[in-house]
Amino acid sequence: MGLNKSRPIYEKLRIDPQGRAHLIVTDLEALPQDTIEANLALSNIEIWVVARIARGIAASPSGSRAFRSVADLLSHLSFHLAREPVGLRLYAAGTEAFLWDVANTARAAGLGKDEIFLTQAGSLRRRVYCTHCKSMNEDAVANIATCRACGARLFVRDHFSRRLAAFMGVMVDAEVPNEIPEIEVIYP
Amino acid sequence: MNITLKPTETFRGDFSTRNSDAAILRFPFPFPEDVYMYAVNIEPHVPGGPTEAFTAAFDIDEHYIGECHDRALTLIDDPARCQVLPHMMEAEWDTLELLMESLAKDYPTLFTLTKDGDIWRWQNHPLGIDQTFSFGQPETLPYPPFEYITRQVQGDFTIQDHRDNNLYMDGGMVTSQADWSLNFDLGMSFHEWHGPVPVAHELGVFDRALAYLLRLQYGKPVRRLNWTLTVNPRLDTSPENYPLWGPDKATITPENIREKMCLRVELQTLTRLPRSNAILFGIRGYLIRLEELVRVKKYAKRMHRVLRDLHPEIVEYKGMPRYRQMIIDYLAPFDDGEILSSGTQPDQTSL
């Protein structure tokens with residue numbers, strides 16, 4: 001157990017036996033098997049993935065469904081949860097920003113903390129919030145990111161907001177322009 | 001309390017603010033010992049303490065008008081410095097009531113509160129405000145209640161919701177912060193918003209502090225001091241505006257350090273609110289230039305010892321590697337090695 005800081009601690013995906021139905025969503029093209037400890041053949045489990053192709057894939061009888069993009073999936077999720085009676089358990093597996101987008105969508109739809117389960121999987125890349133211009137920057141993999149909205153070079157602080165589903169980015173060379181530490185890929 | 005308010009002062013641009021002799025002698029110096037380390041240094045917030053700054057529930061001093069003006073300027077640039085989540089409306093009224101009642105009681109010549117049932121009249125004489133409104137009805141005020149009153153009080157404020165055996169920062173007025181962002185931290189739990197602080201997590205400081213605060217009782221507020229260093233007496237050292245104040249840090253030289261380098265102290269108060277059961281966290285900031293601070297002999301000597309022996313991670317976190325040695329070099333000649341009294345009282349009554 002790590003120290004209790006702003007970084008959430010994630011666990012492997014396990015099916016909550018208290019649930020009546022189970023929806024697993026991921027921003028990957030398929031569920032990452034190495035982070036799952038569950039029997040996914042059960043009939044009351046539905047799986048949503050992101051195919052990243054314009055045509056998408058029609059719902060299959062087995063309850064698996066592919067979406068064109070993460071935004072497409074989140075949009076469907078909002079509608080789906082608004083119609084779902086109690087007893088659903090929602091599981092998200094994927095990048096940290098996706099997990100908290102899902103969690104925030106679910107909380108807005110009225111799901112409680114105990115009905116949402118998050119499992120980090122795939123890339124460690126970070127969504128970075130530019131503290132100066134309030135823009136979000138996706139897919140940062142290094143200690144320094146460039147804000148595509150205002151051009152600031154941002155040091156990615158190890159400080160995470162679940163509400164914004166993003167890490168804090170603060171200008172790295174504010175004190176002396178262009179005095180920038182070596183750029184290292186640390187969130188592959 | 002007798003105070004003369006300065007009519008105009010700036011905390012940006014030409015930084016015209018200065019501390020009078022009285023302000024220096026009432027400054028809440030934060031180091032009771034020669035060595036500093038994080039601790040749960042919380043004590044009851046009762047009237048009285050090592051200096052006059054500890055006398056009132058919410059301290060007002062000679063910089064009142066200038067600080068309120070500076071806050072208004074910051075809010076024009078960035079209204080997100082004041083945000084309260086919608087479920088906190090009861091805590092907003094609790095805050096307004098607490099601040100108005102405390103100010104009117106502690107500073108009767110500056111503030112007057114008159115109640116006729118739910119119809120309240122608030123007179124803020126230094127700012128020329130005379131407002132009649134209905135308590136509990138936000139539409140009768142020009143701003144939401146929390147913003148309305150915190151625009152008229154020195155220092156930052158946050159309100160913590162108490163639920164799930166934790167505290168959540170669900171609102172705040174934050175325009176004079178030491179490098180943390182309300183817009184980023186809004187909604188975080190106690191350990192989340194303290195995430196970036198080094199060393200203290202490992203010491204268990206936050207676990208103990210949270211356990212203590214969850215038991216905070218109505219009518220028994222507590223206080224603690226925190227500190228950092230700031231270049232120029234600038235209130236808005238926010239991460240949002242780091243591109244504006246960051247360059248100041250590279251302007252420090254051995255020649256100008258006495259004037260430009262400021263010790264920034266936060267007199268933090270925590271008060272349980274009656275209706276919402278939320279906790280109001282007051283972060284009352286004080287800035288003093290080194291050349292003002294060294295006029296108190298004990299403070300010059302102790303400040304020298306604390307900075308000289310400071311834990312390297314704290315040096316880093318408080319953003320002082322660039323100029324720490326210059327401060328030590330400036331302070332060293334004031335320190336004759338004399339054994340100092342413990343505690344933070346100035347040990348002199350005039351300068």
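In which sense do strand β1 (residues 21-26) and β2 of chain A pair, and over how many bridges? I looked it up: β1(A) and β2(A) pair in the parallel sense, over 4 bridges. Two strands count as paired if DSSP finds at least two bridges between them; helices (H or I, at least four residues) and strands (E, at least two) are DSSP runs, numbered from the N terminus.

Before going on, a note on the source: this is a predicted model, in which local features need pLDDT of at least 70 and side-chain atom pairs count only at pLDDT 80 or more, while totals for chains, interfaces and linings use all residues. Residues are numbered from 1 along each chain as its sequence is written, chains are lettered from A and ligands numbered from 1 in the order in which they are written, and side-chain values use heavy atoms, with hydrogens and water left out.

**Entry: around β2 of chain A**

I picked out A:Leu23, whose bridge partner in β2(A) is A:Glu46. Strand β2(A) also runs parallel to β3 (residues 64-67) of chain A, joined to β3(A) by 4 bridges. There I found A:Val49 with A:Ala66 as its bridge partner in β3(A). I then checked the cover on β2(A), residues 45-50: 5 of its 6 residues are buried (under 20% relative accessible area; exposed is over 50%, partly exposed in between; 1.4 Å probe, protein chains only).

**Entry: where chains A and B meet**

I find 25 residues of chain A in contact with 27 residues of chain B, contact meaning heavy atoms within 4.5 Å. The two chains bury about 2300 Å² between them, with 54% of it on carbon and sulfur atoms; this is the accessible area (1.4 Å probe) that two parts lose on being put together, summed over both.

The rule gives 7 salt bridges across this interface, each a side-chain nitrogen of Lys or Arg within 4 Å of a carboxyl oxygen of Asp or Glu. I noted A:Glu179 with B:Arg322, at 3.2 Å from N to O. On the chain A side, β9 (153-161) and β10 (166-171) are the elements giving two or more residues, and β10(A) gives the most, with 5.

**Entry: two asparagines in chain B**

Most residues other than glycine have a negative phi. B:Asn232 has a positive phi, near 70 degrees, and sits in the loop between β8 (222-231) and α8 (242-245) of chain B. Is B:Asn232 buried or exposed? B:Asn232 counts as buried because its relative accessibility is 7%.

B:Asn277 also has a positive phi, about 60 degrees, in the loop between β9 (261-272) and β10 (279-289) of chain B. At 37% relative accessibility, I log B:Asn277 as partly exposed.
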